[in-house]
Each structure stands twice: as structure tokens, then as C-alpha cells.
Amino acid sequence: MVRTIKILYANNNPDDHSIILNSLSEGEYRFQITTVTSGIKFEKELLSIKYNIILCDYKLSGYQDFQTLDYINSKFPNIPFIVLANNGSEDIAVEAYKRGASGYLTKKPEHLKSFPSIIKNIIKLEERIRQKEELIYTLHESESRFRNIFDNATYGMLLASSDTKKFLLCNPYMSKLTGYTMEEIVTLSVKDIHPEESLKEIIEDFEKQLREEIATVHNIPVKRKDGTIFFADINSFPIKWEGNKCLMGVFTDMTDQKEAEDKLRENEEKYRQLIDTTGTGYVILDVQGVVNEANEEYVKLTGHTEFNEIRNRSVVEWTSETEKEKNKNAIDECIKKGFIRNLELDYVNRNGKITTVEINATVIIKGGKKHILSLCRDITERKQTEKALRENKKQLSALLNASTQPIMLLDMEGTVLAANTAMAQRLNVSVNNFIGSNAFQYLPDEMASSRMEKIHQVKQSGKAIRFEDQRKGRIFDNNIYPIIDDHGKASSVAIFSNDITENKKAVELQYQSLAQLRQIIDLVPHLIYAKNRLGKFILANAATAEVYGTSVTELIGKTDADFNKNQYQVKKFLKDDKIVLDSGELLEIPEEKITDSKGKLHYLNTIKMPLHLPNTSEEAILGVSTDITERKLAEEYLQQSEKRYRLLHESITDAFVEVNMDGKISKFNNTYINMLGYSAEEIVNLTYIDLTPEKWHNFESQIVNEQIIPRGYSDVYEKEYRRKDGTVFPIELKTFLVKDDNGNPLSMWALIRDITERKHAEEQLGKSLIQMRQLSARLQSIREEESTRIAREIHDELGQTLTGIKMDIAFLEECLLEKLDLKDNPVLEDKINSISDLADSAVQTIRKITTELRPVILDSMGLSAAIEWQAEEFQHHTGIICRFNPIGESLNLDKDISTAIFRIIQESLTNISRHAKATDVQIHVTKNKNHVIFEIKDNGIGIDEKYLHKLDSFGILGMKERAMVAGGEFHITTAPGKGTTIRVSIPTNLSSDRSNK
């Protein structure tokens with residue numbers, strides 16, 4: 001017979017009735033769904049008809065927030081209910097489960113797939129509860145019926161003594177659940193079938209059930225014979241058995257239900273993560289283009305802030321006027337074809353801002369009807385970038401063609417990426433045919449091979465090269481410059497080629513008249529000289545020799561260092577010479593200093609250029625310097641105005657702005673405009689106060705009055721700016737004061753940096769640190785749990801084995817004493833004693849290992865006793881005096897914090913024994929109003945400061961991490977020769993909270 005399941009569905013939207021009904025496939029059950037849309041109808045239906053299951057949204061008309069769930073839980077606690085929401089929310093799911101929900105789902109098709117199995121699990125659970133209630137009632141009714149039900153029940157049943165907690169009876173199903181035989185189970189007790197870490201709470205629940213304070217406990221871990229764990233709900237009640245008070249426990253295996261709940265929560269978590277982490281907006285539309293669902297990212301794309309602002313509206317409404325028809329056609333096309341790919345549309349918000357969106361859409365079936373699922377991505381920035389690239393390409397082409405110098409850009413294989421008209425004409429080819437071809441096909445083979453070698457040389461070195469070659473009787477000066485990509489490698493090259501034939505001829509003529517030139521330059525008042533790469537003078541006029549107080553003859557072959565005692569000036573001259581020689585280009589030095597033979601400082605305006613000497617390969621530079629000392633003195637009156645200009649343009653690294661003392665903006669750069677989104681015409685009509693949110697006004701006024709005006713500048717400080725579109729973002733700035741000739745404040749200028757990314761990085765770093773600490777805490781916990789388990793296994797298994805061996809040895813010895821006189825068999829007596837000693841030694845070793853893995857005293861007697869024991873052990877093994885001074889009262893610390901403190905003290909004592917060379921150690925515990933403080937102090941040699949901060953100081957890092965994970969603070973006070981003090985401070989409120997938990 002098919003059972004009818006009555007479902008009451010409470011939701012503000014009655015159209016969802018069909019969605020729920022379609023998701024339920026009838027088989028062993030028939031489903032009858034009644035839908036109500038208000039609180040009054042909901043309560044009326046519950047009072048009039050017995051329903052098996054309730055489906056409801058957490059919000060219902062007539063109720064606020066979670067009042068619907070609270071009403072069900074308080075008035076009808078025996079009816080299971082499932083929360084069915086429109087969108088996935090972890091917070092709502094948690095609150096639903098807290099208020100007694102049996103499940104939490106969204107109306108997404110992928111989630112509704114699991115709905116039938118959840119319904120069936122709840123129905124089965126309801127049947128089990130009913131059977132248990134009948135069983136409990138029957139147990140009270142008749143002992144004979146009790147035995148029949150006890151043996152045939154499909155639930156595990158155990159009868160335990162109230163005093164010893166040993167099992168007296170077991171039914172066959174409990175034997176099946178645990179894997180023990182019924183005979184084996186009656187030799188066990190409560191502590192044998194539950195994990196050790198859960199025993200404390202389970203024993204407490206046992207006592208409460210015995211006193212009838214509680215009847216049922218949920219999700220209790222039960223250990224099978226093979227060591228695996230399953231979870232059960234245990235319904236218990238006290239009974240009299242053979243005149244003794246006992247506790248009857250009925251065990252329901254909840255493993256399948258728990259796995260289903262875990263899977264449901266896992267699906268919800270994946271769904272939530274998808275919603276939270278995607279950078280793409282999505283929206284579900286009906287066939288007319290009306291919005292049914294959307295995520296937060298899509299709402300932002302439309303220029304709105306809340307989903308309710310766009311719900312049940314057509315997407316065409318926020319499409320730009322020029323593309324509304326395009327959008328309508330796209331919706332129709334998507335319904336016909338089943339999809340749309342890479343559609344680009346412009347959305348316009350209420351402020352007229354245009355956002356270009358790329359859309360990919362697919363037709364889906366929802367509630368038996370066609371809908372459109374669209375994924376939307378903001379490509380405004382990409383479109384702007386593409387436009388900028390097109391503009392840059394045009395500008396590059398214009399720039400290349402504006403130059404009369406032949407220029408081309410090649411990739412590393414010689415393919416022409418760009419070229420100007422001058423280069424194409426030189427090679428006798430059109431620009432259009434030249435670009436995209438291989439440049440070296442237009443050169444002789446030998447020259448093409450040479451050029452490829454030089455490009456390879458530039459690629460390998462990443463440095464420019466310069467060389468000359470000849471073609472058809474002409475001489476060309478060629479420069480190849482590397483173009484570096486984002487990875488720091490040369491990806492292409494720029495080649496500049498100048499015809500220097502005429503220049504060469506002119507230089508030759510110039511060298512021919514060098515003798516005449518030497519006579520002339522001596523008459524010139526300027527300093528004229530030539531030097532080789534070693535800095536030696538090879539040419540100089542009288543004015544140059546006069547500065548150094550020598551003759552031209554004496555100066556030739558000498559360097560500046562032979563006459564000028566100012567080493568800084570000499571090094572500067574050599575550095576400039578090297579720049580000219582390496583680059584092969586003219587260098588103009590507007591101002592440099594030289595000290596003459598009398599110690600007088602002169603200011604020079606110098607031009608240095610490469611000098612090609614005829615008939616020699618020696619490299620040289622030609623320098624011409626004009627003494628501008630008098631002009632420097634005459635220009636001093638301009639320094640005040642130049643100072644502002646120099647400070648302004650030498651300090652700019654980010655955005656720059658200058659304002660008058662009333663705050664009105666007068667000067668700014670392009671970065672400042674781009675940062676705020678205003679035009680240059682709009683900026684000059686604003687003050688910096690207009691751009692600053694009101695909450696920063698008093699703060700910035702204080703900066704002006706207390707820092708900028710008194711001392712002329714501010715410290716670097718942070719505040720916020722508001723862009724033209726209203727968005728607020730964080731900035732970092734430093735402000736300087738400009739004064740007039742009378743010292744009065746004239747204006748202020750500032751360097752500004754957008755620190756949005758840095759703030760985000762700091763936030764992410766903080767989250768990462770929290771996650772790492774949580775991981776560290778989990779790893780420490782696992783390690784302690786594993787140590788406890790291993791210690792228990794060694795103690796229980798090896799300890800019992802060795803004890804058995806000892807007993808067998810004693811038995812053998814007694815048997816031998818009856819049969820033989822051991823005095824006549826000394827070898828046999830020695831062997832028996834040796835085996836006994838080895839067994840004793842093994843027992844001691846096991847005790848040592850188990851103690852090091854997990855001192856039993858820490859769990860049994862608490863932290864103070866464990867520290868006292870550790871101090872005695874340390875003193876016994878090392879000979880170092882170790883004193884422990886506890887506080888009089890009990891330390892209210894939970895197990896994890898106690899373990900962390902004990903391990904820190906262990907690590908400290910280990911470090912002291914290895915490195916400190918101490919003779920005395922003291923361990924103090926103190927307690928104030930807010931903290932419990934542990935101090936380990938030694939009188940050793942101390943720790944060098946540099947070792948405290950080494951990344952590989954894992955002992956210190958481990959102690960710090962344990963303290964932080966325990967919610968406390970860790971400090972080391974040390975100095976070479978003055979001992980070391982380690983201080984760990986644990987908040988008392990945190991300790992109490994964790995203990996209660």
C-alpha cells in the first residue's frame with residue numbers, strides 16, 4: 001500500500017508550488033502538498049490537519065525574520081520542517097539548523113535534485129521515532145513483551161548497570177551495529193564502546209539520563225570492534241532489572257542521515273562559494289527578458305545597489321537607447337537558438353555612466369518553463385584599452401614618419417613590426433609591403449648575416465650596440481636598442497640608421513686643420529681639452545692649464561687627479577667621460593664644479609662629445625667648458641622661485657596637486673585627474689575639501705595647523721578621497737608649504753598615492769595569517785591526539801605483553817625451583833635473572849616513551865602537577881637546579897591551552913639544557929585580574945639578539961606559535977651573559993570561555 005505524505009508548504013510566492021511538486025517523484029510514497037501564503041492561513045492549517053512535513057521560507061507574510069521557524073519549533077516540535085530559500089546563505093542556514101530545521105535547500109534545480117532523498121530520510125526518521133516511542137511504552141507494559149521486542153528490534157539496545165556502567169544485556173541488532181558478539185558485549189562497559197576523547201561528556205549524559213534529566217542524546221560516536229566509528233542517537237530511560245537500578249539505551253544508527261546532512265551542507269557551501277568568489281554577474285530571465293534572479297555582481301553592472309530594485313523588471317530598461325532594439329533581438333534569438341555568445345551591450349546607470357558588458361546566455365528549464373541564464377562581465381576597461389592601443393598605434397606611426405632618420409622595429413627573427421617612410425625609401429620598398437616582411441631580404445647576404453648576429457648579441461646582453469657599415473660608397477651609423485618585455489627580456493629591437501658620409505668627410509677635414517685649431521684655441525677664454533679613456537689630457541688650451549696652475553706641456557699626459565685634490569670632482573669628471581665614450585653621444589653638463597690651484601671654486605657649463613682621432617683607434621672625448629661663476633652669483637636672486645619648481649618636479653612620483661591657502665586647486669597632473677575622474681575644467685573649480693569625505697575635515701584641518709604651517713610640511717598620512725562617481729577610496733599623501741618672499745604662506749602642494757590595492761593586500765595578508773594560525777593549531781592538536789593514541793597503544797599493548805612475560809618468567813622460576821636446585825645451575829639462574837632484568841628495562845623504556853609522548857599526569861592531575869613533575873625530571877636528568885613556584889589556586893585552563901603551555905615549558909627546558917649553560921632554573925606562575933602568567937627564568941649565558949629573529953629558529957618560532965594559537969602572548973627577555981626569561985601570558989576570560997566550551 002502506498003503511503004500518502006501530507007506536506008504543508010508556506011511561502012509568499014504560490015507559483016513555487018509546481019516547482020516543489022515536480023521535484024518529487026512518487027514511488028513508495030504519494031505526496032499531497034498544500035500551499036499557504038500568510039501566517040494566519042499557516043497556523044490555521046497546522047491546527048486543523050495533521051501534516052507529516054512542513055516546507056517553509058524563513059520569512060513569511062505576517063512574521064518577522066525567523067519567527068516562522070520559532071513558531072513551528074515551539075508549537076509543533078514533533079513535525080519535521082525544511083527551510084526552502086530563494087538564494088543560498090550560510091548565515092540563514094546556520095540559524096535554520098539552530099531553530100530545529102531538519103534541512104536547508106535553495107530552489108536551484110541542482111539543489112532540488114536531493115530534495116526527494118531528504119524527504120524520504122525524514123519520513124524514515126519519523127517512523128523510527130514512532131517505533132522507539134512504541135518500544136519504550138511496551139517496555140514499561142510487559143517484561144515478556146519486552147524480551148520479544150528486545151530480541152527482534154531493528155534498533156540497538158543495551159542494558160547497563162547504574163553503578164559500574166557495565167553492560168548486562170544486549171540485543172542482536174546492537175551486536176550487528178558494533179561487530180561484537182552478544183557474549184563479548186556483556187563483558188564490556190560504557191567506556192569500551194566510545195572514543196576516549198568523548199567519554200567525559202558521554203558519562204555526564206549517562207548520569208543525566210539515569211536521573212531522567214534528559215531522555216535523548218544526539219550524534220554520539222560509537223566505536224565498533226574493528227575501531228571504526230559510527231554516530232547514533234541514544235534514547236535512554238532507567239528501569240529496575242533483577243532488583244537493581246539500570247539504564248536501558250536504545251541506539252539509532254544516524255550515519256546515513258548524518259552523511260546526507262553533511263552532503264547537503266557541502267552542496268550549500270559550494271553554492272555559497274560560487275556566489276561569493278565569482279567575478280562575473282549572472283541573471284535568470286523569463287522569455288520576455290524580465291529578471292527573476294541575479295547575483296550582487298550583476299546588480300552592480302546595472303548601476304543599482306539592491307536586487308529588489310531590478311527584480312521583475314526588463315533588462316532592456318537599463319540598456320542604452322542606441323542598443324535597446326539590439327538587446328530585444330538578442331533575447332528572441334537566444335530563445336530560438338538556445339544560446340547567445342559574446343554579445344556586447346552598453347548598460348547605463350541612473351547617473352548616465354556607461355558600462356560595456358559582454359554577455360553569454362543559455363536557455364534553461366525552470367519550473368517547467370523556458371528561462372534564460374546569462375553570464376555577464378564588465379569589459380569597459382578592456383574596450384578602453386583597445387581604443388587606447390589603436391590610438392597609440394596611430395601616434396607611433398605618426399611619430400615614426402615625422403622623423404627623417406630611418407627607423408624600424410623588428411622581432412628577433414627580423415620580421416618588420418613597424419617602420420617609417422625614410423627607412424622604406426632607403427631600402428626601395430613601400431611601407432605597406434615592408435611591414436610584415438623580413439627586413440634582411442633587402443640587404444646583401446653577408447650584411448644580413450652580420451645584422452642577425454648583432455640582434456642576437458642585443459637579445460643576449462639586453463644592451464644597445466652601435467656600429468658603422470658601408471653600402472654603395474656611403475657610410476652609415478647604426479644603433480640597435482633592445483625593447484624589454486614584462487619578463488625583463490628583449491623581445492624585439494629598434495634600429496636607427498643615419499647616413500654619416502658627409503659628417504665623416506667633415507671630420508677628416510677637421511682633423512686636417514687640427515694644427516691650426518690648436519693655435520686658435522689657446523686664444524679662447526673657455527676651457528678646451530681632450531682626454532682619453534684613462535682620463536689623461538691629450539689636448540688642452542692655455543685656459544685649461546691656467547686653472548690648474550701649470551703649463552699646457554706639463555698638463556699633457558697627466559690627469560685631473562694630479563692637480564685637483566677634490567676627489568669627488570675628479571671621480572665626477574671620469575664618470576661623465578665614460579658616459580660619453582660608452583654612449584658615443586654628446587653630453588651637456590649645465591653645471592659642474594672645479595677647484596683651481598688656489599683652492600677657489602668655479603662653476604662650469606660643459607659640453608663633452610666623442611672625439612675620433614685620425615689614424616688611431618684610441619677613444620677620446622672633447623670637452624668645452626665655460627666659466628659661469630659670475631653668472632651663478634647673478635642668478636641667486638632667482639633661487640626662491642626655482643626652489644619651488646625644483647621641489648615640485650623632482651619629488652613627483654604619483655599624483656600631484658597644488659592648492660592656495662583657501663584650498664582651491666590651482667595645479668595638478670594627469671595622474672590626479674585620472675585618479676578622481678573629473679575633467680581639468682572641473683578640477684579648477686573645486687577645493688580639496690570638496691573631494692574629501694566630511695569625516696576627514698577636522699583631521700586634515702588639524703594636520704594643516706599643527707604640522708604644515710608651523711614646520712613647512714606634514715608627515716605622510718592617510719585619508720580618503722571621493723571620485724566624481726561618488727566612490728570613496730583610500731589615499732596616502734604628504735603635503736608641503738610654499739611661502740612668498742616675506743615668509744608668508746602662499747600655497748600648499750601634495751604628492752598623493754592611491755593605496756586601495758595595498759589596503760586590500762594587507763586585509764588578505766591578515767586573513768592568510770589567521771588561516772595559517774588556525775592550521776597550525778589544528779596540526780598541533782592532531783599531533784597531540786596522535787601522541788596520546790600512540791602512548792595509549794604502547795602502554796596498553798606492549799605494557800600488558802611485558803607484564804605477561806614477567807609473570808611467565810616468575811612462573812618458570814618457581815617451576816624450576818621445585819625441580820632443580822638453581823645453586824647447582826648458576827648459568828640457568830643468571831639467564832633467568834638476565835631475562836627478568838631485560839623485561840624490567842623494557843617496562844621502564846615503555847614508561848619513558850609514553851611519558852614523553854603524552855605525560856599521563858597532564859590529563860589526570862592537571863597543568864600544575866605536570867609542570868612540577870617536569871621540573872623534577874629535568875633536575876634529575878641534567879643536574880641543573882629547577883624550582884617550580886605555583887599559585888595556590890587551581891588553574892582554570894582547558895585541555896588544549898594546558899597542552900600548549902606544557903609543551904612551551906618542555907621546549908624551554910630542552911633549550912636550556914642544550915645551550916644555556918645554566919645552573920639554576922625557576923618556573924613561576926602568577927595570576928592577576930585578567931591574565932595567568934608563566935615565566936621560565938635561567939641564569940645562563942643568554943641568547944644573542946640576532947638568533948631571536950632568524951627564520952630557522954624553529955624552537956622559538958614553535959613556542960611563539962603555540963602561545964598565539966592558545967590566545968596568549970609570548971615574550972623573550974635576554975642578553976649575553978645575563979640569562980634568559982621566557983614569559984607566556986594567557987587571558988583568564990579566554991581560558992574560562994574555552995574551558996566552558
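Mentor: Buried means under 20% relative accessible area, exposed means over 50%, and partly exposed is what falls in between, with a 1.4 Å probe and protein chains only. This is a predicted model, in which local features need pLDDT of at least 70 and side-chain atom pairs count only at pLDDT 80 or more, while totals for chains, interfaces and linings use all residues. Residues are numbered from 1 along each chain as its sequence is written, and side-chain values use heavy atoms, with hydrogens and water left out.

Trainee: Is Asn 312 buried or exposed?

Mentor: Asn 312 sits in the loop between α12 (296-301) and α13 (324-337), where helices (H or I, at least four residues) and strands (E, at least two) are DSSP runs numbered from the N terminus. Its phi is positive, about 60 degrees, although Asn 312 is not a glycine. Because its relative accessible area is 57%, Asn 312 counts as exposed.

Trainee: What is the relative accessibility of Asn 342?

Mentor: Asn 342 belongs to strand β13 (residues 339-348). Phi of Asn 342 is near 55 degrees, a positive value in a residue other than glycine. Asn 342 counts as exposed because its relative accessibility is 52%.

Trainee: How many Å apart in space are Val 83 and Ala 10, C-alpha to C-alpha?

Mentor: Val 83 lies in strand β4 (residues 81-85), and it counts as buried because its relative accessibility is 0%. Its contacts (heavy atoms within 4.5 Å), not counting residues up to four places away in sequence, are with Cys 56, Tyr 58, Leu 69, Ala 96, Ala 101, Gly 103, Tyr 104 and Leu 105. Val 83 and Ala 10 are 73 residues apart in sequence, and from C-alpha to C-alpha their separation in space is 9.8 Å.

Trainee: Which residues does Gly 39 touch, not counting residues up to four places away in sequence?

Mentor: Gly 39 is part of helix α2 (residues 39-48), and it counts as buried because its relative accessibility is 7%. Gly 39 and Ala 10 are 29 residues apart in sequence and 8.3 Å apart in space, C-alpha to C-alpha. With residues up to four places away left out, Gly 39 touches Leu 60, Ser 61 and Tyr 63.

Trainee: How do α2 and α3 divide their contact residues into nonpolar, polar and charged?

Mentor: α2 and helix α3 (residues 67-75) pack at an angle of about 15 degrees, with their axes 12 Å apart; axes are lines fitted to C-alpha atoms, for helices over the stretch in contact, and angles run from 0 to 180 degrees between N-to-C directions. Angles under 35 degrees count as roughly parallel, over 145 as roughly antiparallel, 65 to 115 as roughly perpendicular and the rest as oblique, and α2 and α3 are therefore roughly parallel to each other. Phe 42, Glu 43 and Leu 46 in α2 meet Thr 68, Tyr 71 and Ile 72 in α3. With Ala, Val, Leu, Ile, Met, Phe, Trp, Tyr, Cys and Pro as nonpolar, Asp, Glu, Lys and Arg as charged, and the others, Gly among them, as polar, the residues of this contact divide into 4 nonpolar, 1 polar and 1 charged.

Trainee: At what distance do the axes of α31 and α32 pack?

Mentor: The residues of α31 that meet α32 include Leu 863, Trp 869 and Phe 874, and those they meet in α32 include Ile 901, Ile 905 and Leu 909. The residues of the contact of α31 with α32 divide into 10 nonpolar, 5 polar and no charged. The two helices pack at an angle of about 15 degrees, and α31 and α32 have their axes 10 Å apart.
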